[in-house]
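Subject: Structure for you to look at

Hello,

Here is the structure I said I would pass on. Please open it alongside this message, as my notes follow it.

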Amino acid sequence: MSMNDTDFGRNVDVQAMGKVAVLMGGRSSEREVSLMSGRGVLAALQSRGVNAHAFDPAEQGLDQLKVQGFDRCFIALHGRYGEDGTVQGALELLGIPYTGSGVMASSIAMDKIMTKRIWRFEGLPTPDWRLVASAEETRAALAVLGAPMIVKPARDGSSIGLTKVTTAEECARAYELAARYDDEVLCEEFIAGDETTCPVLGAEAGAHALPVIRIVAPEGNYDYQNKYFTDTTQYHCPSGLPEAEEAEIRRIVVKAYRTLGCRGWARADIMIRASDRKPFLLEINTSPGMTGHSLVPMAARASGVSYEDLCLGLLGSAMLDGVAGDQEHA
């Protein structure tokens, strides 16, 4: 993979990609978004001459990938059973190279609590948190972390099941909502300030950050609806942040990515605390959205990479754990 972003995806041998499955849909709470991402990726790959086909794991077994002769997979699944290491493990067993992080990094990054434990151990800044198992423990967390506080499922994305609570009376309902999606519920210190996100491409020493995107949502509410279905959220790329702040965000995001062993691509979410401009890592997504509202394509465009080249470059980076994507596979 070239360190020169403008070349990303332009030197991929389309014929060498073989028959490609774009995995989309699936069984997670983010199925609807995954279908939007997958359709976009499929159209982009086909427009570049790739022999690409839609494949929904909710409709047919993954063993059919082998039966139908697929050579590699572009994972456009989000959430459980797609971004959490399970599909990655199945593809390892089938010997079919895939885009994005491997089994371990996918599994850890999907679990916000495990991610935060590792980041904190490595000295990376992340908001304080508590793991709770009841409404009572949620109220106790509020007393420690202070108001406002974020309550969310530990292993879901797209802001699904998330509540911002300001009083003890709101804790029970917030806990019940998050617990619908996960039996592990995370209470997190709220960081007031600028909301940003920053994608990373590559692996190991070659991992590098794309431009930072600053997000301005209606009334500061960057929820599921405002992420995917409205046009009122503003995205600033270039971010408009001071050069030193942007550089620091890109530095910690690459370190956060490498610390978890990510590869291929990911996107980290960061809050910049208004009081002292300190950045805090919230989470990292190892199978980011590729919809019309998605942020990785936006950052790629800002660095001179089209949506089609982004998809092709990611496909070209598909691999198995410890095996380069361009080597023979089982």
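Below is what was found in it, taken by region.

The model is predicted, so local features need pLDDT of at least 70 and side-chain atom pairs count only at pLDDT 80 or more, while totals for chains, interfaces and linings use all residues. Numbering starts from 1 along each chain as its sequence is written, and side-chain values use heavy atoms, with hydrogens and water left out.

Helices (H or I, at least four residues) and strands (E, at least two) are DSSP runs numbered from the N terminus. Two strands pair if DSSP finds at least two bridges between them.

The sheet

Four strands form an open sheet in the order β4-β7-β5-β6, and their pairing is antiparallel. The edges are β4 (129–132) and β6 (163–165); each has a single partner strand, so one side of each is left without a neighbour in the sheet. On average, neighbouring strands of this sheet are turned by 25° against each other, direction ignored. Axes are lines fitted to C-alpha atoms, for helices over the stretch in contact, and angles run from 0 to 180 degrees between N-to-C directions.

Five bridges connect strand β5 (residues 149–153) with strand β7 (residues 185–189) in the antiparallel sense. Met149 has Glu189 in β7 as its bridge partner.

Helix α5 (residues 112–121) packs on the sheet and touches β4, β5 and β7, with its direction at about 145° to that of β4. Contact means heavy atoms within 4.5 Å. Helix α7 (residues 171–181) lies across β4, β5, β6 and β7 and runs at about 25° to β5.

Helix α6 (residues 135–145) has Ala135, Thr138, Ala141, Leu142 and Leu145 buried. Buried means under 20% relative accessible area, exposed over 50%, and partly exposed in between (1.4 Å probe, protein chains only). Down the axis of α6, the buried residues fall within an arc of 105°, so they line one face of the helix; the arc is that of the directions from the helix axis to the C-beta atoms. They pack against β4, β5, β6, α7 and β7. Glu136, Ala143 and Val144, on the other side of α6, are exposed.

A cis peptide bond with omega of about -5° then joins Ala147 and Pro148, and Pro148 is in the loop between α6 and β5.

Helix α3

In helix α3 (residues 86–94), the buried residues are Val87, Gln88, Leu91 and Leu94. Seen down the axis of α3, they fall within an arc of 120°, so they too line one face of their helix. Their cover includes β1 (19–23), α2 (63–67), β3 (72–75) and α4. Gly95 follows α3 and has a positive phi near 75°.

Helix pairs

Helix α1 (residues 31–47) and helix α11 (residues 307–316) have axes that come within 9 Å and cross at roughly 90°. This makes α1 roughly perpendicular to α11, a label for angles of 65 to 115 degrees; under 35 is roughly parallel, over 145 roughly antiparallel, and the rest oblique. Ser37, Gly40, Val41, Ala44, Leu45 and Ser47 of α1 meet Tyr307, Glu308, Cys311, Leu312 and Leu315 of α11.

Also in α1 is Ser34, which is buried at a relative accessible area of 0%. Leaving aside residues up to four places away in sequence, Ser34 touches Met24, Gly25, Ala76, Leu77 and His78.

Helix α4 (residues 103–110) packs with α5 at an angle of about 100°, their axes 5 Å apart. The two helices α4 and α5 are therefore roughly perpendicular to each other. Ile108, Ala109 and Met110 of α4 meet Lys112, Met114, Thr115 and Ile118 of α5.

Backbone points to check

A further cis peptide bond runs from Cys237 to Pro238, with omega near 10°. Pro238 is in the loop between β11 (234–236) and α9 (243–259).

Tyr81 is a residue other than glycine with a positive phi, near 65°. Tyr81 sits in the loop between β3 and α3 and is partly exposed at 39% relative accessibility. Arg277, not a glycine either, has a positive phi of about 65°. The loop between β12 (263–273) and β13 (279–285) holds Arg277, which is partly exposed with a relative accessible area of 31%.

Regards
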